[in-house]
Amino acid sequence: MPVYNSTSKKAEEFINDEQIRATLAYAEEHRDDLELMERILEKGRQYQGLSYKEAATLLECEDPGIIQKIFDLGKEIKEHFYGNRIVMFAPLYLSNYCVNGCTYCPYHMKNKHIPRKKLSQEEIRAEVIALQDMGHKRLAIEAGEHPAENPIEYILESIGTIYSIKHRNGAIRRVNVNIAATTVENYRRLRDAGIGTYILFQETYNKEAYEQLHPTGPKSDYAWHTEAMDRAMEAGIDDVGCGVLYGLNNYKYDFVGMLMHAHHLEKTYGCGPHTISVPRVRPADDIDPDEFDNGVPDDIFKRIVAVLRIAVPYTGMIMSTRESAKTRRECLEIGITQISGGSRTSVGGYVEELDEEGKFDSEETAQFDVEDRRTLAEVVDWLIDLGYVPSFCTACYREGRTGDRFMSLLKAGQIANICQPNALMTLKEFLMDYASEETRAKGEALIRQRLEMIPSEKVREICRRHLDEIEAGNRDFRF
Ligand code: SF4
Ligand code: SF4
């Protein structure tokens with residue numbers, strides 16, 4: 001039987017089934033120990049994070065008073081590290097060809113209902129222009145795994161195309177990549193192509209469940225998939241994004257598995273995941289979420305978000321348009337730092353107009369149903385009304401602040417002098433180039449107010465100057 005070893009390079013040793021089960025048993029045994037819960041919360045208040053065992057214990061507690069304290073602390077930590085900034089991004093689906101058999105995804109190879117589509121470089125150009133015209137600066141590209149249709153060369157060429165397009169004042173300044181687990185050599189090529197974060201969801205950390213959910217294709221190899229982040233880091237990609245698909249398997253198991261993964265990366269490479277995503281299973285063609293009997297109700301889901309915020313305070317947390325506006329609002333308060341807006345989860349969806357029912361032609365190639373269907377402009381307006389600063393910042397990666405360089409700035413509390421001005425300047429760009437007059441007026445007032453809250457006087461002055469320069473038509477300032 002594999003033995004737990006957090007710095008091993010073997011999947012079943014750093015994600016260890018026996019250790020996860022022992023952790024869950026401990027958490028259950030102590031679920032009513034309110035003194036222990038208070039001690040864990042007190043540790044969380046040091047802003048240094050929690051172990052997976054402490055986090056699992058907190059998540060297990062059903063006491064209403066403790067649950068409220070979890071939400072309060074999630075909010076406090078979020079405000080401390082991230083202020084009221086929310087980073088914006090959009091997914092861009094390149095291809096839905098896939099050789100895998102994931103039972104929860106409509107792109108699985110055996111699904112004959114959906115048309116298969118792969119964007120040409122010309123079509124990518126059109127999608128990117130549409131995204132730039134919405135105001136996006138940061139994309140996450142998505143593609144199924146298909147060695148013949150979507151080889152690494154196609155992905156690399158597509159990244160090059162995306163970065164090369166400058167339409168009006170638009171530019172995609174950071175391309176994050178969500179493609180199948182691959183070789184160290186291919187990760188090197190992705191790194192050299194200037195990607196931001198490499199994102200790969202584990203789906204579930206439970207090997208047995210994983211193998212059932214992935215019966216065929218290269219992704220069926222649990223170790224190959226689970227060790228992907230190690231290969232990415234070995235190749236010099238130091239910003240990686242993790243996540244599980246909640247609803248596939250017991251959420252408690254996957255919650256511990258993911259924190260164990262984060263712990264492994266931190267211990268082995270000196271840097272945990274850059275981001276954690278929290279997707280839940282959604283309806284899609286050929287997929288009925290009711291077939292998966294591990295659905296996570298909203299109240300538990302919110303606790304997962306808040307405990308993660310406490311456990312890994314330095315990790316960005318992402319929520320997509322899979323979730324409703326209501327859930328997104330509630331989770332933004334207690335932990336989420338990055339959301340998508342105006343998303344189309346189909347191949348080629350951004351160039352299409354919605355029909356009267358709010359649908360578009362390529363919707364049948366969508367990977368999952370979108371719950372929050374508002375445009376980016378509407379989401380930005382909504383965030384401003386809620387008092388958040390929507391940020392289109394991509395500065396860190398472009399300034400070489402990745403991996404442990406980024407983490408040490410964050411840990412030193414310096415990021416407030418960097419993120420805040422960058423958020424204000426990129427919001428100003430959005431207001432100038434893409435917003436309605438009404439949003440612009442509200443956004444300008446927010447910028448004026450938040451400018452005064454930048455801690456360093458020097459940074460504040462430079463930021464003020466750059467805001468004037470943006471007003472005069474210049475773009476792309478950053479700290
Ligand atoms: Fe393919 Fe990814 Fe869908 Fe699995 S989840 S079928 S790998 S696109
Ligand atoms: Fe993110 Fe860096 Fe921009 Fe802050 S300055 S929002 S950490 S890219």
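Ligand 1 sits in the largest cavity of this predicted model. A cavity is a set of points, on a 1 Å grid over the protein atoms alone, where a 1.4 Å probe fits but cannot get out; a molecule sits in one if more than half of its atoms lie within 2 Å of its grid points. Residues are numbered from 1 along each chain as its sequence is written, and ligands are numbered from 1 in the order in which they are written. Local features need pLDDT of at least 70, and side-chain values use heavy atoms, without hydrogens and water.

**Ligand 1**
- Its shell, meaning residues with a heavy atom within 4 Å, includes Cys98, Cys102, Cys105, His108 and Lys219.
- By class, this shell around ligand 1 has four nonpolar, four polar and one charged residues; Cys and Tyr count as nonpolar, Lys and Arg as charged, and Gly as polar.

**Ligand 2**
- Ligand 2 sits in the second largest cavity.
- Among the residues around ligand 2 are Arg138, Cys393, Cys396, Arg401 and Cys419.
- Helix α18 (416-433) gives the most to this shell, with three residues; helices are DSSP runs (H or I) of at least four residues, numbered from the N terminus.

**Domains**
- An automatic or database assignment divides the protein chain into domain 1 (11-78), domain 2 (85-373) and domain 3 (395-471).
- Domain 1 and domain 2 bury about 3,000 Å² between them, where buried area is the accessible area (1.4 Å probe) lost on being put together, summed over both.
- Phe14, Leu59 and Lys78 supply 25% of the area that domain 1 buries against domain 2.

Key: This is a predicted model: local features need pLDDT of at least 70, side-chain atom pairs count only at pLDDT 80 or more; totals for chains, interfaces and linings use all residues. On a 1 Å grid over the protein atoms alone, a cavity is a set of points where a 1.4 Å probe fits but cannot get out, and a pocket is an open set with protein on both sides within 12 Å along at least five of seven lines; lining residues have an atom within 4 Å of a point. Helices (H or I, at least four residues) and strands (E, at least two) are DSSP runs, numbered from the N terminus. Buried area is the accessible area (1.4 Å probe) that two parts lose on being put together, summed over both.
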